[in-house]
Amino acid sequence: MISAVHRVLIPVLLLSLFFSGACTRPEKDKERPAVIVFKHGKIAGDPQQFRQIIERFESENPGIKVKDETLPASTDEQHQFYVINLEGRSSDFDVFSMDVIWVPEFARAGWLRDLSHLLQAGEGKDFFQGPMQAVTYRDKIYAIPWYIDAGLLYYRKDLLEKHGFRPPETWQELIRIAQHISERERGVYGFIWQGKQYEGLVCNVLEYIWGNGGDILEDGRSVINTPENVEALKFMRDLIVEYEVTPPLVATAIEEPTRHIFGTGRAVFMRNWPYAWNIFEREGSPVRGKVGVSALPAFPGKDSASTLGGWQLGINRYTRNPEAAEKLIAFLTSPEIQKQLALTIGYKPTRKSLYHDPYLVREQPFIVNLYDIFMKARPRPVSPYYMMISQVMQPEFSAALSGIKTSEEALSSAHRQIEFILQVEQ
C-alpha cells in the first residue's frame, strides 16, 4: 500500500526526472559529433591510406565524424545515383565527388550549395584554369577541384631506345614506330586506347577532334559534323583497319584493361590517365623503370590536345550539416592534403603551386612533365545539357569505330540529335 508521503513524493520525483531530461537532452545533442556522409567513387590504391587522411580530419575536428561511402566504379552509375537522389531532395549524403562534366548540370538544377566563399581572394588562381572553368556556373563556384586528370601518352622507353626511336610528336610518327617495334617484338601491340561505348570513348575522340582543329559546340550550336571532325574520327578507325597498329579489342576496352595490357609489357604505346604511372612504378611491376610519359601526338601543323578529367567536391543542397561539410572540403582540397594524396594514392593536385614543390618533384619527377599538359587540357563542352549530348555521341562514335557507319554518317546523325537537344535553350 502506498503511504500518504509516497503519494506526494512520487509525482514530484517523476516531474523532477521529466524536467531534468528535458533540460539535459539538448546539451547531450551538442556534445554528440556531427556525422557527415561523403560519397565518392572507388579510391585508387590502398583504401587504408585514404582512411588515414579521413582519421586525421576527424582528429583535427573532434566535433565531426566522417562516414565515407564508395559508389560503383562506373561514372555513369554514379551520375544516375546522384540524379535520382538529388531530384528526390535526399539529405542522406552531405559531401560528394563529381566528374568534371557534372557541375554545370547539377548547379543549374539547384542541387549544389554555392561555395564561392570557400576560396580566399586570389586563391582561385592557384588552381588550373580548366577545373576552375568546370566548377563555375553563372559566375559562382559550386565545387572545389580535388584532383586533375588529362589524357597522356605512355610509351615503353626501353623498347624505343632498343630500336633507336625518340617519343613521337606526330600521329604519323607513332604509327611508324608502333609498326616497326610490334613487327619485331613478339606479342606486343602497337598502340592501345579506350574505345568502348562509354564516356571514356568521348574523351578519346575529342583529343583527335581538337587536335585536328575541330570542336563539338560553337556559340551554343553543334559543329560536330565538320570535315575536320570527320577526318579525325576516320583516322581513329584507320588505326585499327588500315595501319593495324591498334588491335580490334580496343572497341570493348576501358581504362583498366588497357592499363593491364600495357602494364604486363604487351604494348608499345598506350593512351590513359595519370593514375596508371604510380601502378607501373610499384615494386614487382613488369614495366617498372621502363615507362615514359609525354603529351599525346599531334596532327601535322596542329597542336596536341588532351581531354580534361578529374573530380571535384561539392555539397548537397539538402545537407543538414553545411558547416561540417565545408570544413571537410576545405581540408581535402588544401595544399597539404593534395600533396599527400599525390604521394600516397597518385591523385594529381589541382593546385599549380604543388608542381614546383621540391619534395613532390623529387619523389615523382614525372609530375613536372604534367604541368604543361594540365595547363592546356580542355574540358568537354561545358553545358548543362552535356550528359544528353554525351549520350548521343557515345553510340555514334562507337558505330564509326566498329565500321557500322562511316564517319560522315555517324557525325551527321549526331549533329541532328545535338541540335534538337540545344533547341531547349533557344
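Residues are numbered from 1 along each chain as its sequence is written, and side-chain values use heavy atoms, with hydrogens and water left out. Because the model is predicted, local features need pLDDT of at least 70 and side-chain atom pairs count only at pLDDT 80 or more, while totals for chains, interfaces and linings use all residues.

**The sheet**

Helices (H or I, at least four residues) and strands (E, at least two) are DSSP runs, numbered from the N terminus. Two strands pair if DSSP finds at least two bridges between them. Four strands form an open sheet in the order β8-β11-β7-β12, and the pairing is mixed. Its edge strands, β8 (189–192) and β12 (291–294), each pair on one side only. From one strand to the next the twist averages 15°; angles run from 0 to 180 degrees between N-to-C directions, and axes are lines fitted to C-alpha atoms, for helices over the stretch in contact.

Strand β7 (residues 152–156) runs antiparallel to β11 (residues 267–272), and four bridges join them. L153 has R271 in β11 as its bridge partner. β7 also pairs with β12 in the antiparallel sense, again over four bridges, and here R156 stands opposite V291 in β12. In β12, V291 and V293 point one way and G292 and S294 the other way, and all are buried. Buried means under 20% relative accessible area, exposed over 50% and partly exposed in between, with a 1.4 Å probe and protein chains only.

**Helices against the sheet**

Helix α10 (residues 255–263) lies across β7, β8, β11 and β12 and runs at about 155° to β11. Contact, here and below, means heavy atoms within 4.5 Å.

Helix α15 (residues 367–376) has I367, L370, I373 and F374 buried. These buried residues line one face of the helix, because they fall within an arc of 105° when seen down the axis of α15. The arc is that of the directions from the helix axis to the C-beta atoms. The exposed residues D372 and K376 sit on the face turned away from the buried side. The cover over the buried residues of α15 includes β6 (144–150), β7, β12, β14 (348–349) and α14 (358–363).

**N204 in helix α8**

N204 is found in helix α8 (residues 199–211) and counts as buried, at 1% relative accessibility. A polar atom of the N204 side chain lies 2.9 Å from the backbone oxygen of G200. A polar contact is a pair of N or O atoms within 3.5 Å; within protein, one must be able to donate a hydrogen and the other to accept it, and residues adjacent in sequence count only if both atoms are side-chain atoms. Leaving out residues up to four places away in sequence, N204 touches W193, Q194, M236 and R271. R271 is also the β11 partner of L153.

Rings of Phe, Tyr and Trp (its six-membered ring) pair if their centres lie within 6.5 Å; planes under 30 degrees apart count as stacked, over 60 as edge-to-face and the rest as tilted. By this rule there are 33 aromatic pairs. Two of them are tabulated here.

| Pair | Ring centres | Planes | Class |
|---|---|---|---|
| F81 and Y82 | 5.6 Å apart | 70° | edge-to-face |
| W102 and W311 | 5.5 Å apart | 90° | edge-to-face |

W102 lies in the loop between β3 (95–99) and α4, and W311 in strand β13 (residues 308–315), so the pair ties together parts that are 209 residues apart in sequence. Both W102 and W311 are buried. F81 is partly exposed at 25% relative accessibility, whereas Y82 is buried at 0%.

Ring pairs link F81, Y82, F93, F96, W102, F106, W111 and W311 into a cluster. F106 is placed in helix α4 (residues 103–108) and is buried, with a relative accessible area of 0%. Not counting residues up to four places away in sequence, F106 touches H79, Y82, V83, L86, F96, M98, W111 and L112.

**Positive phi in two loops**

Most residues other than glycine have a negative phi. R89 has a positive phi, near 55°; R89 is in the loop between α3 (75–87) and β3 and is exposed at 61% relative accessibility. D139, with a phi near 70°, is in the loop between β4 (136–137) and β5 (140–141). D139 is exposed too, with a relative accessible area of 76%.
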